[in-house]
Amino acid sequence: MNKKTHFGFKEVNVKEKAKHVGGVFTSVANSYDVMNDAMSIGLHRLWKRVLVEIAGIKDNDVVLDIAAGTGDIAKLISKQFPSSEIYVSDINNEMLSLGRERSIDEGFSNNTHFCQLSGEAIPFNDAAFDVITIGFGLRNFTDKSAGLKEMRRCLKKNGRLLILEFSKPNNLLFSKVYDWYSFNILPKLGALLANDSDSYQYLAESIRMHPDQENLKKLIIENGFQDCKFYNLLNGIVAIHVGYK
Ligand SMILES: C[S@@+](CC[C@H](N)C(=O)[O-])C[C@H]1O[C@@H](n2cnc3c(N)ncnc32)[C@H](O)[C@@H]1O
């Protein structure tokens, strides 16, 4: 029998989810950065800065950024730690190509290497990285456990994984306003700025289907990470999870 999973609120065949997710990011790639600024009123920049701050990267560290998209996190790491080496990776060619072009235009190509790969089957050796980061990517994986196991395998002993992802607001009233914004404003904003409301409807749905803070922490621990904790940002709309190998 064909195994099912979710793609937003829809049920799809497990083998088909990556294709659906690929369709979303291919469709939004060109307007991705503008939409990120518009829908978060620029806050995603701050969240990514906090991620890099918490990551505790040191000079000469080797870092893998998974689901890197257009390269925001890699850019921050590259500028702050010029002696680090950053592997900037994404499954989607359109998103990654924009990132590669940006790295040249915005001066972070010196210490970055761009590679197209799935975070669920990482083609690097065991213990290759000091730090692995993933921003707003895990939510889209078909098999999150497979991805987390792969990330752990590729980390050096005591290496750190940092996951920046949408999560669950703490406050009920805040949560209701956020739901209204997500399902009423976000798709309209998508239609207006990206000519694509379906992809932003998927965004809102995929966030609701993603494990909350405690359940994601449990999943990270189940997949072998230690000293796991999370930090809530903006009342838990976004959380940063940290785990050690
Ligand atoms: C919302 S974007 C995040 C981009 C960037 N990290 C940021 O924070 O702006 C999600 C990215 O995850 C990528 N992605 C989805 N599934 C993936 C997978 N299995 N492995 C690697 N990347 C994946 C998509 O192609 C997309 O570029």
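Mentor: Welcome! Two residues are in contact if their C-beta atoms, placed from the backbone, lie within 7 Å. Keep in mind that this is a predicted model.

Trainee: Thanks! Among contacts between residues at least 6 apart in sequence, what share joins residues at least 24 apart?

Mentor: Start with the contacts in the chain between residues at least 6 apart in sequence. Of these, the share that joins residues at least 24 apart is 67%.

Trainee: What radius of gyration does the chain have, and why does it agree with a compact globule?

Mentor: The C-alpha atoms fill a box of roughly 45 × 40 × 40 Å along the principal axes. A compact globule with 245 residues would have a radius of gyration near 18 Å, so the chain agrees with its value of 17 Å.

Trainee: How many helices and strands are there, and how much of the chain is buried?

Mentor: The secondary structure comes to nine helices and nine strands. As for burial, the part of the 245 residues that is buried is 43%.

Trainee: Is H4 mostly covered or mostly open, and what do its buried residues pack against?

Mentor: Seven of the nine residues of H4 are buried, so by that count the helix is mostly covered. The buried ones are Asp-72, Ile-73, Ala-74, Lys-75, Leu-76, Ile-77 and Ser-78. They pack against helix H3 and strands E3, E4, E5 and E6.

Trainee: Which residues come nearest to the ligand?

Mentor: Around the ligand there are 20 residues, divided into 10 nonpolar, seven polar and three charged. Helices H1 and H4 each supply at least two residues of this shell. Those that come nearest are Ala-67, Gly-69, Asn-92, Gly-119 and Gly-135.

Trainee: At what angle do H7 and H8 pack?

Mentor: H7 covers residues 172–194 and H8 covers residues 197–209, and their axes are 7 Å apart. Their crossing is right-handed. The residues of the contact divide into nine nonpolar, five polar and one charged. The packing angle is about 145°.

Trainee: Is Ser-109 buried, exposed or partly exposed?

Mentor: Ser-109 is found in the loop between helix H5 and E5, and it touches Ser-103 and Ile-104, not counting residues up to four places away in sequence. A residue needs 20 or more neighbours within 10 Å to be buried, and 12 or fewer to be exposed. Ser-109 has 17 C-beta neighbours inside 10 Å, so it counts as partly exposed.

Notes. Residues are numbered from 1 along each chain as its sequence is written. This is a predicted model: local features need pLDDT of at least 70, side-chain atom pairs count only at pLDDT 80 or more; totals for chains, interfaces and linings use all residues. Axes are lines fitted to C-alpha atoms, for helices over the stretch in contact, and angles run from 0 to 180 degrees between N-to-C directions. Helices (H or I, at least four residues) and strands (E, at least two) are DSSP runs, numbered from the N terminus. A crossing is left-handed if the near helix is turned anticlockwise from the far one by less than a right angle, and right-handed if clockwise. Ala, Val, Leu, Ile, Met, Phe, Trp, Tyr, Cys and Pro count as nonpolar, Asp, Glu, Lys and Arg as charged, and the others, Gly among them, as polar. The radius of gyration is taken over C-alpha atoms; the globule rule is 2.2 Å times the number of residues to the power 0.38. A residue is near a molecule or strand if its C-beta atom, placed from the backbone, lies within 6 Å of it.
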